[in-house]
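Subject: A structure for you to explore

Hi there,

Here is the structure I promised to pass on to you.

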Amino acid sequence: MDDQTLHACAKRLALEQPFTEHCWPFGPEYDVFKVGGKIFMLVTELRGRPLVNLKSDPQKSLLNQQIYPSIKPGYHMNKKHWISVYPGDDITESLLAELVNDSWHRVVDGLAKRDQKRLRPG
């Protein structure tokens with residue numbers, strides 16, 4: 001996935017998640033995506049190179065970092081619980097969709113039970 005496609009695809013996938021809020025609390029260079037008031041995705045650039053930060057299960061994070069060269073520990077985040085996805089041939093839309101979905105669910109799982117029921121009805 002190339003530079004522009006990574007950002008556009010990640011933003012589209014995040015906005016497809018229910019109850020997603022898109023905001024800019026850290027300035028216009030950081031696209032932040034929240035659910036239940038908590039960040040699940042941050043889109044920005046590092047030295048002109050696009051990156052997408054996502055929450056991730058620690059063990060799954062380590063596995064993904066071993067399999068995909070374009071997935072690294074979360075830039076400027078808790079390296080155990082966040083990953084950074086960079087453009088690369090190893091990043092597909094289906095992989096990115098899975099990572100965004102996992103991040104959204106990890107954040108919702110950490111919310112109060114009543115909020116989980118509201119955000120995940122049925």
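Below is what I found in it, starting with the whole chain and ending with single residues.

**The whole chain**

Please keep in mind that this is a predicted model. The protein chain contains four helices and six strands. If you walk along the sequence, they come in the order α-β-β-β-β-α-β-β-α-α. The radius of gyration is 14 Å, close to the 14 Å that the globule rule gives for 122 residues, so the chain is as compact as a globular protein of that length. Its C-alpha atoms fill a box of roughly 40 × 30 × 25 Å along the principal axes. Of the 122 residues, 43% count as buried. Among contacts with a separation of 6 or more, 50% are between residues 24 or more positions apart.

**Helix α1**

Helix α1 covers residues 3-16. At 1.5 Å a residue, its 14 residues should span 20 Å, and the end C-alpha atoms are 21 Å apart, which agrees. At the start of α1, a side-chain oxygen of D2 comes to within 3.4 Å of the backbone nitrogen of Q4.

Which residues of α1 are buried? They are L6, H7, C9, A10, L13 and A14.

**Helix α3**

For α3, the 17 residues should span 24 Å at 1.5 Å a residue, and the end C-alpha atoms are 24 Å apart, so the two values agree. Its buried residues are L95, L96, L99, V100, S103, W104, V107 and V108.

How many disulfides does the structure hold? The number is zero. C9 counts as buried because its relative accessibility is 4%, a value under the 20% cut-off. C23 is buried too, with a relative accessible area of 11%.

**An aromatic pair**

Searching the whole structure turns up one aromatic pair. The ring centres of F26 and Y30 are 6.3 Å apart and the planes stand at 90°, so this pair is edge-to-face. F26 counts as partly exposed at 46% relative accessibility, and Y30 counts as partly exposed at 28%.

Is F19 buried or partly exposed? With a relative accessibility of 48%, F19 counts as partly exposed. Leaving out residues up to four places away in sequence, F19 touches K34, V35, R118 and L119. F19 and W104 are 85 residues apart in sequence, yet their C-alpha atoms are 10 Å apart in space. W104 is also one of the buried residues of α3.

Then go to S61 in helix α2 (residues 58-67). At 1% relative accessibility, S61 counts as buried. What does S61 touch, not counting residues up to four places away in sequence? The answer is S56 and I83.

Enjoy exploring!

Best wishes

Methods: Residues are numbered from 1 along each chain as its sequence is written. This is a predicted model: local features need pLDDT of at least 70, side-chain atom pairs count only at pLDDT 80 or more; totals for chains, interfaces and linings use all residues. Side-chain values use heavy atoms; hydrogens and water are left out. A disulfide is a pair of cysteine sulfur atoms within 2.5 Å. Buried means under 20% relative accessible area, exposed over 50%, partly exposed in between (1.4 Å probe, protein chains only). Rings of Phe, Tyr and Trp (its six-membered ring) pair if their centres lie within 6.5 Å; planes under 30 degrees apart count as stacked, over 60 as edge-to-face and the rest as tilted. Helices (H or I, at least four residues) and strands (E, at least two) are DSSP runs, numbered from the N terminus. The expected span of a helix is 1.5 Å times one less than its number of residues. A polar contact is a pair of N or O atoms within 3.5 Å; within protein, one must be able to donate a hydrogen and the other to accept it, and residues adjacent in sequence count only if both atoms are side-chain atoms. Contact means heavy atoms within 4.5 Å. The radius of gyration is taken over C-alpha atoms; the globule rule is 2.2 Å times the number of residues to the power 0.38.
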